[in-house]
Amino acid sequence: MQQTGISDSLFLKMDDESFNRLSSYVTKEYGIKLPPSKRSMLESRLNKKVKALGMDNYKNFLDYIFSEEGKQSELFHVVDLITTNKTDFFREPAHFEFLTNDFLPQKQNEGKDLLNFWSAGCSTGE
């Protein structure tokens, strides 16, 4: 696609329809939920890509990435931009604070002696 001279300083806002379309796709295909509170994150991660493709709005951008040509050349890169590529075990400290401060003391008060936990694989091996 050709550049259209869109200014690098222009920050594109995502309209409701485009946000819902992209959010629904990512949830359906990858199981990643993107609630409305994630819209600004999506905009900041995708803005450079939208402009690099010469687009001036998200509707045209999504039409392109969901086209046959876009699926082959850009969709993978867009999904990579959207996803959080950090998978270490302690990525979300609040989860462990909840475990140690709330969940485990409650189970101990209930007389639970044995608890089983499962942890998905992490890139750092935990």
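Modeller: A pocket is an open set of points on a 1 Å grid over the protein atoms alone, where a 1.4 Å probe fits and protein lies on both sides within 12 Å along at least five of seven lines; a lining residue has an atom within 4 Å of a point. The model is predicted, so local features need pLDDT of at least 70 and side-chain atom pairs count only at pLDDT 80 or more, while totals for chains, interfaces and linings use all residues. Residues are numbered from 1 along each chain as its sequence is written, and side-chain values use heavy atoms, without hydrogens or water.

The lining of the second largest pocket is made by Ile-32, Lys-33, Leu-34, Lys-38, Met-41, Arg-45, Ile-82, Thr-83, Thr-84 and Arg-91. Sorted by class, four of these residues are nonpolar, two are polar and four are charged. (Nonpolar covers Ala, Val, Leu, Ile, Met, Phe, Trp, Tyr, Cys and Pro; charged covers Asp, Glu, Lys and Arg; the others, Gly among them, are polar.) The space in this pocket comes to about 210 Å³, a volume being what is filled by probe spheres set on grid points joined across faces, edges and corners.

The chain around the pocket can be described next. The secondary structure of the protein chain consists of six helices and zero strands, where helices (H or I, at least four residues) and strands (E, at least two) are DSSP runs numbered from the N terminus. Read from the N terminus, the elements follow the order α-α-α-α-α-α. The protein chain has 126 residues, and 29% of them count as buried (buried is under 20% relative accessible area, exposed is over 50%, partly exposed is in between, with a 1.4 Å probe and protein chains only).

Tyr-58 belongs to helix H3. From Tyr-58 to Leu-12 the distance is 7.8 Å, C-alpha to C-alpha, although 46 residues separate the two in sequence. Leu-115, by contrast, sits in the segment after helix H6 (93–109). Leu-115 has 31% relative accessibility and counts as partly exposed.

Charged side chains also pair up in this model. There are seven salt bridges in the structure, a salt bridge being a side-chain nitrogen of Lys or Arg within 4 Å of a carboxyl oxygen of Asp or Glu. One of them joins Asp-63 to Lys-59, with 3.0 Å between the closest N and O atoms. Helix H3 (residues 58–65) holds both Asp-63 and Lys-59, and they are four residues apart, about one turn of the helix. Asp-63 is partly exposed at 32% relative accessible area, and Lys-59 is partly exposed at 41%.

Another salt bridge links the side chains of Lys-71 and Glu-68, at 3.8 Å from N to O. These two are about one helical turn apart because they are three residues apart in helix H4 (residues 68–73). Lys-71 is partly exposed, with a value of 43%, whereas Glu-68 is exposed, with a value of 55%.

A further salt bridge runs between Lys-107 and Glu-110, where the closest N and O atoms are 3.4 Å apart. Glu-110 is partly exposed at 43% relative accessibility. Elsewhere, Arg-21, Lys-59 and Asp-63 belong to one network, joined by salt bridges that share partners.
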